[in-house]
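This report describes selected local features of one protein model. Please consult the sequence and the structure shown below while reading.

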Amino acid sequence: MGLESDDIDIAMDDMYGEDFAKLINDHLNNEGNLDKKRFGVIKANSDKSKHLETATIKVDGMFVDLVNLRSEKYTEDSRVPVIEIGTPKEDAYRRDLTINSLFYNINESKVEDLTNKGVQDLKDGVIRTPMEPFQTFIDDPLRILRAIRFSNRFNFKVVPEIVTAAQNP
């Protein structure tokens, strides 16, 4: 889109964010910044709709969020998912929108679009959910607001399926 962004999230498949933050912090301390802690951890708190622990570390003046890849399963009576470590594909499909399900593979220096819709939706200016919209919104109704927010922020068109799902009482 040609826009600057300072929102960097790193998703790992074999360790938790806090563990990786400690490794980065130790490395930076070994480079000469001894006894300096640059990270914090936001613990999971289902009562406040925070379902996953996230570590945040400051590197070169930028904040980076560190999380693990995950899958989520919802029950009909709760917005609080059961979270398990997941595959990259499971993580992509659990996202709110296809444009938010893209990964940048730092090992191969390429964008990965595991839903096969995110890159094209970004190019076309389209807001779409990776899964069927009604199920996406039943799992987490706040995703409706995120769809509206991203549509307005980037002047993207919302697909009709999202509008229909959002109108379902």
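## Asparagine 105 and its contacts

The side chain of asparagine 105 reaches the backbone nitrogen of asparagine 107 at 2.8 Å. With the side chain of glutamate 112, asparagine 105 makes a polar contact of 2.7 Å; a polar contact is a pair of N or O atoms within 3.5 Å, where within protein one must be able to donate a hydrogen and the other to accept it, and residues adjacent in sequence count only if both atoms are side-chain atoms. The model is predicted, so local features need pLDDT of at least 70 and side-chain atom pairs count only at pLDDT 80 or more, while totals for chains, interfaces and linings use all residues. Residues are numbered from 1 along each chain as its sequence is written, and side-chain values use heavy atoms, with hydrogens and water left out.

Asparagine 105 lies in strand S7 (residues 103-105); helices (H or I, at least four residues) and strands (E, at least two) are DSSP runs, numbered from the N terminus. Asparagine 105 has a relative accessible area of 16% and is therefore buried, a term that means under 20% relative accessible area, with exposed over 50% and partly exposed in between (1.4 Å probe, protein chains only). Leaving aside neighbours within four places in sequence, asparagine 105 is in contact (heavy atoms within 4.5 Å) with Lys110 and Glu112.

## Arginine 143

Is arginine 143 buried or exposed? Its relative accessibility is 6%, so arginine 143 counts as buried. Arginine 143 is placed in helix H5, and its side chain reaches the backbone oxygen of threonine 136 at 3.3 Å.

## The nonpolar cores

A nonpolar core is a set of buried Ala, Val, Leu, Ile, Met, Phe, Trp, Tyr and Cys residues joined through side-chain atoms within 4.5 Å. The largest such core has 11 residues, among them Leu97, Ile99, Phe137, Phe150 and Phe156. Strand S9 (126-127), helix H5 (142-154) and helix H6 (160-166) are the elements that give two or more residues to this core. A second, separate core has 8 residues, including Met12 and Val64.

## Aromatic pairs

The structure holds 2 aromatic pairs. In one of them, the rings of phenylalanine 154 and phenylalanine 156 have centres 5.8 Å apart and planes at 45 degrees, so this pair is tilted. Rings of Phe, Tyr and Trp (its six-membered ring) pair if their centres lie within 6.5 Å; planes under 30 degrees apart count as stacked, over 60 as edge-to-face and the rest as tilted.

Phe150, Phe154 and Phe156 form one aromatic cluster. Phenylalanine 156 counts as buried because its relative accessibility is 9%.
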